[in-house]
Each structure stands twice: as C-alpha cells, then as structure tokens.
Amino acid sequence: MKIQPYSRHSDADDAASLLAKQATQALLDEARLSPKPGLVDSRGSGAHQDLTLDLMERSAHSLTPAFQQLAIASWQRPVDSALRQEIGRIGRDGERSMMLATQGVNTHRGAIWALGLLVSAVAMQGAKGDVYATLSLAAQVARLPDHASPKVFSKGLRATQRYQVPGAREEAQQGFPHVITLALPQLWRSRQQGATEQEARIDALMAIMTSLSDTCVLSRGGLSALKAMQQGAAEVLANGGYQTPAGRLALAHLEARMLADHVSPGGAADLLAAALFLDRTCRQ
C-alpha cells in the first residue's frame, strides 16, 4: 500500500511535514557523504553489488510520507502501547513503499527503525525537545512490544544471535548510545576544531565505527572484519580525523581493508543519519 501524505493544514501538520523533510534530508546527507569506506557514496557503490547512490536517494524520498505520518500520529502523545502499535504499522507501510521504490532492494530498513523512532519522539514533544529528552522518549517507545511485528529473522538479527552482540533493537532500547556518546560529540568537536562539514560528518561516522558491533559487517565478514573496522576507524581519529593528511591516509587504508573483506558498515550509516537528524532538529 502506497502511503499518501496528509493534506490537512494546521500547525501540527506543518511541523510534521518539516520533520519528514528533515528526516529525508538526513538520509540524503548520509548517502551523499564521501568518502565512506565500504558504503555507497558519491564516488560509487562501495562494497555493494546491488546499491547505487541514485537508488539510495529514491529510497530516501519514498520514506518522506511515512515519516510525516509518524510525526502526525505521535504529535504531543504520551508513550503507551497504542502509540507503539501505530508506529510499528506506519513503519511497516513505509518499508513496503521503500521496497516498491527500490524494486525489492533493502536500502533503508534499519534507518526506518532508527529515524522513525526519532521522528516520533520529536513529535511527541511538539518539536520542542532537546537531544537527551528525544533519545529518552525513543528508548521508551522501543522497549514496548510491537505485537504485529513479523516473526522473521533478518540477517542482522541472525548476526546478533550468532555473535552474541547487541543489534539495532538494543541500540534503540538503550537510547542510541553510539549517537549520544560518540557521533554527536565527535561531530560537534570536529566543527569546533575547524573541520569542514564534510570532514566533521566523516569523523562522526568514524566515531560510531570505533565501537559499534555492526551486524552488516558481521554478517558478511565475521569478527575479524568487525575488529579491523573498529581499529581502522580509531586510527583515523587518532591521526586527527579526516581533516588531516594522516587521517585521510588512515581512512584510505581502512577503506582498502573493508573492500577486500567485502563489508559495508550499514548499521553505522543508519546511526550517522540519526545523528544528523538530531543535530538538525533538536537543541543540544
């Protein structure tokens, strides 16, 4: 079922429309950011065979109506089971629209979960909350059961069980720790140190990758590829980040290793998009 945007005109609808556009823009900003090791960016498809930047952009735009419906459904509502069920339903409708737009390619399933929760959490506060309150509300919603959720095992879930590591569900239930303790602080710090916006965003991605048990990497390359990703990202930051020659060289080495391993940090990319959304919409 294709999701249609709401047509009513009110302050809440206008704010929901803006939130949807901001969430979509966060996905576009993440997709276009370059260079990203193993990921689709403006240079090419990274370690992927079935993804392109054009496909990622079409996918992002296909989700705008779902984000808008999430914001309207959540507007100034408390956390409760009824809202959790509605968020889940809208998210699944959004996923179906995405799959139609991409002809069956999973481009943003993880991002629908992360950004969907955050859009809802911002809307619950009337679009007036700060980063910490927003993440707390998102975590409360994520901890509630979604009784209509399909009982299927995704690649990510299989990886979390095989390697006994937390996945996207746990990240949200814990209040997105990789966003609030790593990505956003690094983004803000790099800006303060004179980095360009591109450089600061790449540094924020590296900060996530230093710690995240990225199930996309685990699914393709196992623990050795995950450890190489974490260590390589830490080297980029230890050498001053992407704004320094040493940092750029360290990133090039990391990219070569990830391409050799045929892995792509899709989970980290989703969390970077989440960080960019919060940076744009919430008070610090």
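Biologist: What should I know before reading the numbers?

Modeller: This is a predicted model, in which local features need pLDDT of at least 70 and side-chain atom pairs count only at pLDDT 80 or more, while totals for chains, interfaces and linings use all residues. Residues are numbered from 1 along each chain as its sequence is written, and side-chain values use heavy atoms, with hydrogens and water left out.

Biologist: How are two packed helices described?

Modeller: Two packed helices are described by the angle between their axes and the distance between the axes. The axes are lines fitted to C-alpha atoms, for helices over the stretch in contact, and the angles run from 0 to 180 degrees between N-to-C directions. Helices are DSSP runs of H or I with at least four residues, numbered from the N terminus.

Biologist: At what angle do α9 and α10 pack?

Modeller: Helix α9 (residues 177-192) and helix α10 (residues 197-209) pack at about 150°, and their axes are 8 Å apart. That makes α9 roughly antiparallel to α10, a word used for angles over 145 degrees.

Biologist: Is the crossing of α9 and α10 right-handed or left-handed?

Modeller: The crossing of α9 and α10 is right-handed. In a right-handed crossing the near helix is turned clockwise from the far one by less than a right angle.

Biologist: Which residues of α9 and α10 meet?

Modeller: From α9, the residues are H178, L182, A183, Q186, L187, S190 and R191; they meet E197, A200, R201, D203, A204, A207 and I208 of α10. Contact means heavy atoms within 4.5 Å. The residues of this contact divide into 7 nonpolar, 3 polar and 4 charged. Ala, Val, Leu, Ile, Met, Phe, Trp, Tyr, Cys and Pro count as nonpolar, Asp, Glu, Lys and Arg as charged, and the others, Gly among them, as polar.

Biologist: And how do α11 and α12 cross?

Modeller: The axes of helix α11 (residues 215-238) and helix α12 (residues 245-261) cross at roughly 175° and come within 9 Å. The two helices are therefore roughly antiparallel to each other. Residues of α11 in the contact include V217, A228 and V236, and those of α12 include G247, L254 and D261. By class, the contact of α11 with α12 has 10 nonpolar, 3 polar and 3 charged residues.

Biologist: What about α2 and α4?

Modeller: The axes of α2 and α4 come within 9 Å and cross at roughly 145°. The crossing is right-handed. Here R58, S59 and S62 of α2 meet S97, M98 and A101 of α4.

Biologist: Changing topic, how many salt bridges are there?

Modeller: The count comes to 18 salt bridges, a salt bridge being a side-chain nitrogen of Lys or Arg within 4 Å of a carboxyl oxygen of Asp or Glu. Side chains of opposite charge can pair when their charged atoms come close.

Biologist: Which residue forms a salt bridge with D93?

Modeller: D93 forms a salt bridge with R96, and the closest N and O atoms are 2.3 Å apart. Because D93 and R96 are 3 residues apart in helix α4 (residues 81-101), about one helical turn separates them. D93 is buried, with a relative accessible area of 6%, whereas R96 is partly exposed at 43%. Buried means under 20% relative accessible area, exposed over 50%, and partly exposed in between, with a 1.4 Å probe and protein chains only.

Biologist: What salt bridge does K36 form?

Modeller: K36 pairs with E30, and their closest N and O atoms are 3.7 Å apart. Both K36 and E30 are buried.

Biologist: And D41: buried or exposed?

Modeller: D41 counts as buried because its relative accessibility is 2%. The side chain of D41 meets R43 in a salt bridge of 2.8 Å, N to O. R43 counts as partly exposed at 47% relative accessibility.

Biologist: What is there to see in the backbone?

Modeller: Most residues other than glycine have a negative phi, and most peptide bonds are trans. In this model a cis peptide bond joins S34 and P35, with omega about 0°. P35 is found in the loop between α1 and α2.

Biologist: Which residues have a positive phi?

Modeller: Q103 has a phi near 55°, and A127 has one of about 60°. Q103 is in the loop between α4 and α5 (109-124), where Q103 counts as exposed at 75% relative accessibility. A127 lies in the loop between α5 and α6 (131-143) and counts as partly exposed at 35%.

How values were computed: Angles under 35 degrees count as roughly parallel, over 145 as roughly antiparallel, 65 to 115 as roughly perpendicular and the rest as oblique.
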